Amino acid sequence: MDRIGSLPDEVLSHILSFLTTKEAALTSILSKRWRNLFALVPNLDIDDSVFLIPEEGKRERDGILRSFLDFVDRVLALQGDTPINKFSLKCKTGIDTDRVNLWICNVLQRGVTSLELVLDFPRIGDDDFMYLLPDEMFVSSTLVELSLRSEFGVDWWQGGTNTFLPMLKTLTFESTWILLCDDLQEFLSGFPVLEEFYMAEIEWPQSDQSVSSESLSKLTIYAGGFEDFWNPKNISFDTPSLVYLEYSDFAAADYPKVNLPNLAEAVLILKVTRDQVDLIRAPDDEDDVSLRLGNVWKLISGLRNVNKLFFSAESLEVLSLCCESMPVFNNLKSLHITCDADLGWQAMPALLRNCPHLETLILKGLLHHVTDKCGDACDCITREDKGRSLSSCPVKKLQIRGFKGTVREKEMIRHFLESFPCLDEMEVYAAGQNNDNDPTNVEVNRIYKIIAYKVHAEEISTDTVLQSESMSQTQMEEISSQFTPRNNRNKYDFVYILHGSPPPPQDMSQDYLKEQLDAAKTKLAELNEEYKERQRVHDANEEYKERQRVHDAMFDRIVEQYPMIASALKARQAATDSEGSEASNDQEKKRDVEALLEIMADLYPDFASALRAMRGTDLERGEPSRDQGEMAKLDQPTSTAMAADLLPRDGH
C-alpha cells in the first residue's frame, strides 16, 4: 500500500515545500498526480549552484546556463497563477538579468509574501551597466519579508521616493555596499509597518542622517561613516517602539535626537581612528576632538532604559570623554564589554557606579591599555581609592572570557573577588586552543572553565573541585591560590572543568553550581569511606598478625611448662618424621598445633566440651576461629590462647 500517496494533496504539497525546487520537481515524473502536486507547492527555492552542480568549469559549458534558465521558466509556467508564499532565488554571474526580473515579477503578481534575492551581478565599467531591480518590487502590496544580498552591492536608488510597501515588516540588506536615496528618513517612510531592519556595510550618502520610524522594533546598522570623512556630522534616532538596537559606525560629531524610550537591549560599536584615540587620552586645548566627539553622551543617554547592554572596546574608550555626564542605567541587569590590550578602561569606574541594579558583568578579555586615568575598577596602578567603584556595584555574577593565565589577569581576578561585595558566582573561560590568542601557560591551556562559587558564613570552608582527571588537585589548588582573595571577607569554592570533560550547560545557574559542588562533596565522602574501610582491613590484618605472634608465644610456653605434653608432642613428631614426610614451616606449625590439641584433649577430658562452648560464643559475635580445620578430630575449633586458659597454671 502506498501510504504516502494516500495522503491528501494539501499535505503532500506541504511536504514538498521543504525540498529545494530541483528536488521537488523530480517528483513530478512519478505520476500525473505528482505532476499536479508540484504545481501546488507554495515555496520555491531556486539556486543555480545546486542545479548546475558545483563542478569546476561546468558553468562555462555551452548550454548549461541556458538549461537552468529554461528549467526555471518551466517551473513557473507549470505553477501558472497559483498563490505562492516564499520565493528564494540565488544566482551568480552569467545569468540573463532580464529573465531574472521576469521571474521576480511573476511571483510578485502571484502574491508572494517572502522574497529572498541573492544576486551577484557585477557592475560593468563605471556607468555602462548596473543591475536594476524591477519597478514592481518597490510597490508590492503583499511583501512581508524582503532580503537582498549581493557581493557587488544593492541598488535601491531607482525606487527612491516612489517606494511604498504597505505590508513589509522585515527588510534585510547584506552587501559590500548599499545605495539608498539621499534621505534615510524619507526612505523609511515607504515602509509604514516595518518592524525589523538590518543594514550592513552602508556608507552614508549625506553627513546628516535620521533613523525615524514609529513601527520599528529591531534595528541593526553596520555603517562605515560618511564618504568624505569617516565621522558623520549628525546621526539621530527617533524610534519610540524600538526594543533592540545594534549599531556600528564611526562616532558622530553630534546626536541631536535620540528617542529610544522602550529600548531593552543595545549593542554599541563606536569606531575611532588611532589618532583620535591618542587625542582622547591626552586632549590638546588647540584640538577639538574632545568637542567633536564629546556629544556621544547624548547617544549613551538614549540607552539609559536598557536591560542588556554591549560595549565594544572602542566604545569604552570614547565613553571616557563623557564620564561626568554618564547617565544612570536604572534598568540595566546585564553588561557585556569587549576589551582590547591597546584600548583603555578610563570610563569603567563611572560606568559601574551608574549601574545600581547590575546583576551580571561579562568581560571578553581583561587586558587593556593602562593610563593614569585607568580608575579604580582594575588593579593596574596603586591608588588609595582602589576598588571603590567595585565596592558600590551590586553585580552578582561575573563572567570572564579569553583568560590566558598571565600574572596581570590573575591579579585582576583577585581584585574583583576581593572588591565586589555581592559577587556570588564567577565563571572564567580560558582562551580557546584554536584561537589566535592561545594562552602560553601550559596548565591554563588545558582548562576549559573555572567557576568560583561564594561560600557564606554558615557554610563550610573553601574547596577546590576538579571535574577531570587530567590535572591533579594540587595543580588546581596552586592556580586557585594565585587569585584567591587575600582578605577574609570573601571566600569561594573553585570548580575546574578541563578540555575533554563533559560540556556543561550553556547557562550554569547557581542551582546547577551548587548541585555540582554537592555531587563533588558526596564523591569525596565516598572516597573517605573507602579509605576508612581499607584502613580497617589493614588494621585487622595487623591485629591478626599480632594475635598470631601471641599465640605462637603461648604455644611455646605451654610446651615448656608441661613436660608430659612436650614428651607426647616429641613422640608424635618423631613418628611423623620417620614416615619421611616433607613439610614447609607453615605446614609444620599446623601439624604441631594439631598434635598439641589432640594430646591436650586426651589428657584433659573437659577440654573438648569447653572448646565447643567457646566456639559457640565466637560464632555469636561473628568472629571466625583461627584454628578451623585444626580440630577435625574434635569437630571443634580452638586456639592456643583458649588452651592456656583451660590448663592448670600450677603444672598439675
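Trainee: Which residue follows α6, and is its phi positive or negative?

Mentor: The residue that follows α6 is G111, and its phi is positive, near 80°. Before we go on, please keep in mind that this is a predicted model, in which local features need pLDDT of at least 70 and side-chain atom pairs count only at pLDDT 80 or more, while totals for chains, interfaces and linings use all residues. Residues are numbered from 1 along each chain as its sequence is written, and side-chain values use heavy atoms, with hydrogens and water left out.

Let us stay with the helix itself. Helices (H or I, at least four residues) and strands (E, at least two) are DSSP runs, numbered from the N terminus. Helix α6 covers residues 97-109, which makes 13 residues, and from its first C-alpha to its last it reaches 18 Å. That is close to the 18 Å expected at 1.5 Å a residue, where the expected span is 1.5 Å times one less than the number of residues.

Buried means under 20% relative accessible area, exposed over 50%, and partly exposed in between, with a 1.4 Å probe and protein chains only.

From here we can turn to a sheet elsewhere in the chain. Strands of a sheet pair through backbone hydrogen bonds, either parallel or antiparallel. Two strands count as paired if DSSP finds at least two bridges between them.

Strands β9 and β11 are joined by 5 bridges, and S210 in strand β9 (residues 208-212) stands opposite S236 in β11. S210 counts as buried because its relative accessibility is 17%, and S236, which has its place in strand β11 (residues 234-238), counts as buried because its relative accessibility is 10%. Contact here means heavy atoms within 4.5 Å. Not counting residues up to four places away in sequence, S210 touches L184, Q185 and S236, and the C-alpha atoms of S210 and Q185, which are 25 residues apart along the chain, are separated by 5.6 Å. Leaving aside neighbours within four places in sequence, S236 is in contact with Q209, S210, V211, P256 and K257, and a polar atom of the S236 side chain lies 3.3 Å from the backbone nitrogen of K257.

Another run of paired strands begins with strand β12 (residues 244-250), which runs parallel to strand β14 (residues 265-271) over 7 bridges, with Y244 opposite E265. Strand β14 is in turn joined to β15 by 4 parallel bridges, where L268 has F311 as its bridge partner. Strand β15 (residues 308-311) then runs parallel to β16, again with 4 bridges, and K308 is partnered by S334. Between these two strands the chain crosses through helix α11 (residues 313-319), and this β-α-β crossover is right-handed: with the strands pointing away from the viewer, the path from the first strand over the helix to the second runs clockwise. Strand β16 (residues 334-338) is largely enclosed by the rest of the structure, because 4 of its 5 residues are buried. On to strand β17 (residues 360-364), the pairing with β16 is parallel over 5 bridges, including L335 with L361, and β16, helix α12 (residues 348-353) and β17 make a right-handed β-α-β unit.

Finally, for the chain as a whole, there are 21 helices and 22 strands, and of its 652 residues 47% count as buried.

Notes
Polar contact = N/O pair within 3.5 Å; in protein donor to acceptor, adjacent residues only side chain to side chain.
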